[in-house]
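Please have your viewer ready.

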Amino acid sequence: MNAKSDIEPNPALDEFRKVVRSRRSVRRFTDEPVPEHVLDDCLDLAMLAPNSSNLQPWEFFVVRTPDLKAKLAEACLGQNAAKTAPVLIVVVARTDTWRQHSRMALEQWPEENLPTIVKKYYSKIAPIHYNQGPFGLFGVAKKTAGLFVGLTRPVPRGPYSPNEMKVWATKSTALAAENLMLALRAHGYDSCPMEGFDECRVRRLLKLPKKGLVTMVLAAGKRSEKGVYNRQYRFDKDELVHYL
């Protein structure tokens, strides 16, 4: 029996499926601007993405100024998506905001009572878990301890180095970027996530902090008539999905 045929009718699911299936990486955009209220709503929805310890290690740089946008498009290797989009959004992962965000998590706790376990996590556990120490030495010590403790019971395996912190921050930031792309599509706009860019030039243009990692540059706008280059296809699910 086809599992899909067993799914009961659900208007919300139908609309979500339309959004997901109609999202494409658009390479050419029209000149129509993306209204500010649409951008604001999409960014709000992006920031609702799940993320590690709710530390929200992301920043979004919305570039609409024509001169800066042109320079940024050049740093994106002159891709058509970058050159034609009315707005470019640089999605940045931060490995250095976890201390500040741990404090903010306590200060902005949304309920009247702060659970003891929450206070302990952000005030004591997080400073140990994410801190790598000078030259990454604390991370090395944590990894060594984890190897020994892990012989007898499950333990967190990292992040144990500055590079692992980059992976940590990027995973959460990518989830937010996906929310952003789907939100744009739900509003009737399109996007193109770009990895092809000169990160050094992008960092200089936006004056990014040293530990800000450019995860992607997202072009956004209305797709032009020839904005999608080919039909969508994906590999056979049986090759990639494993039921155990």
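## Terms and ground rules

A salt bridge here is a side-chain nitrogen of Lys or Arg within 4 Å of a carboxyl oxygen of Asp or Glu. The model is predicted, so local features need pLDDT of at least 70 and side-chain atom pairs count only at pLDDT 80 or more, while totals for chains, interfaces and linings use all residues. Residues are numbered from 1 along each chain as its sequence is written, and side-chain values use heavy atoms, leaving out hydrogens and water.

## Salt bridges

How many salt bridges does the structure hold? There are 8. One of them brings together the side chains of R94 and E59, with 3.0 Å from N to O. This pair links distant parts of the chain: R94 belongs to strand 2 (residues 87–94) and E59 to strand 1 (residues 58–63), 35 residues apart. Helices (H or I, at least four residues) and strands (E, at least two) are DSSP runs, numbered from the N terminus. R94 is buried at 11% relative accessibility, while E59 is partly exposed at 28%. For these labels, buried means under 20% relative accessible area, exposed means over 50%, and partly exposed lies in between (1.4 Å probe, protein chains only).

R94 also meets D96 in a salt bridge, at 2.8 Å from N to O. D96 counts as partly exposed, with 28% relative accessibility. Through shared partners, salt bridges join E59, R94 and D96 into one network. Another salt bridge, between K71 and D67, spans 3.4 Å from N to O. Both of these residues lie in helix 3 (residues 66–75), 4 residues apart, which is about one turn of the helix. K71 is partly exposed, with a relative accessible area of 42%.

## Aromatic pairs

Rings of Phe, Tyr and Trp (its six-membered ring) pair if their centres lie within 6.5 Å; planes under 30 degrees apart count as stacked, over 60 as edge-to-face, and the rest as tilted. The structure holds 3 aromatic pairs. In the pair of W98 and Y130, the ring centres are 6.1 Å apart and the planes stand at 45 degrees, so the pair is tilted. Because W98 lies in helix 5 (residues 98–107) and Y130 in the loop between helix 6 (116–129) and helix 7 (137–149), the pair ties together parts that are 32 residues apart in sequence.

Y121 and Y122 form an edge-to-face pair, with 5.2 Å centre to centre and 85 degrees between the planes. Y121 is partly exposed at 22% relative accessible area, whereas Y122 is buried at 12%. Ring pairs also link W98, Y130 and W168 into a cluster.

## The chain as a whole

Stepping back, the protein chain has 10 helices and 4 strands. Their order from the N terminus is α-α-β-α-α-β-α-α-α-α-β-α-β-α. Along the principal axes, the C-alpha atoms fill a box of roughly 60 × 55 × 45 Å. Of the 244 residues, 36% count as buried.

Contact means heavy atoms within 4.5 Å. Among contacts between residues at least 6 apart in sequence, 76% join residues at least 24 apart.
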